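Open the model in your viewer and keep the selection tool at hand. The stops below go from a whole chain to a sheet, and then to an interface.

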Amino acid sequence: MSTQQRRKERLDRGIKIRAEGLYALMSWRELSYLTLPRLILIVGMLALPLIVPGMYWQRVVTIVCIYALLAVSFDFLAHYVGLVSLGGAFFVGAGGYLAAILNSSFGLPPLLTIPIATLAGAAICTMFLLPCLPLRGVYFAIVTLMYPLVLARIIEAMDVLGGTDGIMGVDSFTNPWVEQYVVIGCVLLFLFGVRRLVNMDIGLVFRAVKDNDQAVRASGMNISYYKAIAVFLSAAMGCLGGACLVHIYMWAGISLFALDFSILPIAATVIGGGGTLVGPVLGCLILVPISELLREFGTLRIVFYSLILVGFIVFRSEGLMVYGERKYHQFQRWVQV
Amino acid sequence: MSQEPILQARDISKHFGGIAALNRVSFHVNPGEVLGIIGPNGSGKTTLINCLTGFIRMSSGEVLFKGKKISNKPAHKIADMGLTRTFQIMRPYYSLPAYKNLVIPLFAPRARRTGGWRGGGKLGDRKTVSIDILEEIGFERDSFVPYKKASSLPTGYLKRLELARCLALKPEVILCDEVFSGLSMSEIASMVPLMERLQMDGITLVMIEHRLRELFQVANRIMVLNFGVKLTEGTPEEVMANKQVKDAYFGSEEVEEVMHYA
């Protein structure tokens, strides 16, 4: 009997027809099958500030959202445009300093500085990155990593923009609830916006640039132009995060260029599953609170943190969302061979 | 043929370091004709196409397309003018389904100008148009094939997809880099009428081929390259009677095959 072999059979659910993203929905049950996961995410995110205990954890939720913005921005650039960007810190720094200057020197309220810093910061970041857009892979990554390091040193050495003290006395949001729901709203907006974008015609062009940029050139399209659009969008998400961060801490300093903002979104993308866009948000929801919980271990914190990361990479290397999606979309059963 | 040539190349040279991949190659293509380019491996055929379409910069020489100088312009500008190419090693967008592969060229500025289609216009959105083009080029409309990911398509379909990507731009000239290579005899047999129909639709074709028998069915004129130098040019019969060409291909099976045919 032990020679009998069994094999796992995987079947797609019947509502998927022909291709990815084409569904035939025949009942409320099938409709809810598709909408429920999205609703859980939206309602869950909105309810998060209400269910966590105390001010401290509410602040953590806000930080999670800022990292989530960066993670979505990284995932979009890396998996849909093919540009691996370590520029999270650059984007946060640019957006953060802009918002701080606009607020402290020109006296604009946060609800004006944030959108202005987002757009202007994204434009500045795109201009800085324009010369290296023809680069691919690790070369682009290195250049994007260089900018935050260089800018932090310049601010430190030249003693401009407040030098090492930073810009202090930046206005905060009118109350903590506004602060939290602004960032949560932004995360949801960009998450679903980017998801829609990558399935639109221009999103297909982005994905084509990743798959085969030479073929895109052969179709008479300027790949640098499309890469610039994508970088602008991605930088806008990062700058938005940075601008919010400055108003939350009421301070802008060179720690805005800290490499955490570049590295943690990548770790979150690895854990959540690259290319899913939701995955990185999920990754942030796991990683940032874990890092807070581990604070009581003092210096050993980073050891436990790395162990958890390694565990995820070894046992779920594809990422939580990729794994979850597969389980959700397919029936599985054992069949005799 | 008294018309102005649609594509004219004068003294194209390309050096990779000390190696001359192309040495003062000149030729012209008349509107509506099929020019075949043949030559042994490493004779510079693909380099020639890369130079013409701006994918690599040529060391010296001049290319005129419809009387305008296009030498060393960026690749996307040349394609935008209507001089398109296929790749010898197929370059589909592997992660996208076949029909979405065509949305990309349909999104290009040239396709928007020439095709008259915009998303949701009277010709339907880009995905509908792309299925139409795929059907024209030999994908069965009602099967699953156009909806399959490009990574799971066999070579024959990928070669057609390369052509379809050019057709979506409504090109005036297509430079085909070995569309017959790697295909089975029956697949080639179905590709030949396709090429003939493209010619009847008024598209000028430049075909690089190793499958001489099929090429000679389609081509009006043949140019022979060897070691980056143009050996000769003429009708298929003239070219095959040429002593130099025989020497270049000496011992090659294809020449014998063709001699039977001619």
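Select chain B: its secondary structure comes to 12 helices and 10 strands. Helices (H or I, at least four residues) and strands (E, at least two) are DSSP runs, numbered from the N terminus. Chain B has a radius of gyration of 18 Å, close to the 18 Å from the globule rule for 262 residues, so it is as compact as a globular protein of that length. The radius is taken over C-alpha atoms, and the rule is 2.2 Å times the number of residues to the power 0.38.

This is a predicted model: local features need pLDDT of at least 70, side-chain atom pairs count only at pLDDT 80 or more, and totals for chains, interfaces and linings use all residues. Residues are numbered from 1 along each chain as its sequence is written, while chains are lettered from A and ligands numbered from 1 in the order in which they are written.

Next, select the open sheet of four strands in chain B, ordered E2-E1-E4-E5 with antiparallel pairing. Strands pair if DSSP finds at least two bridges between them. At the edges are E2 (19-29) and E5 (68-69) of chain B, each pairing on one side only. Now pick E4 (residues 60-65) of chain B, which two bridges join to E5(B). Here Leu64(B) stands opposite Lys69(B).

Finally, show chain A as well: 26 residues of chain B are in contact with 20 residues of chain A (contact: C-beta atoms, placed from the backbone, within 7 Å). Helix H2 (75-81) and strand E6 (83-85) of chain B are among the elements that each supply at least two residues to this side.

Notes
Two residues are in contact if their C-beta atoms, placed from the backbone, lie within 7 Å.
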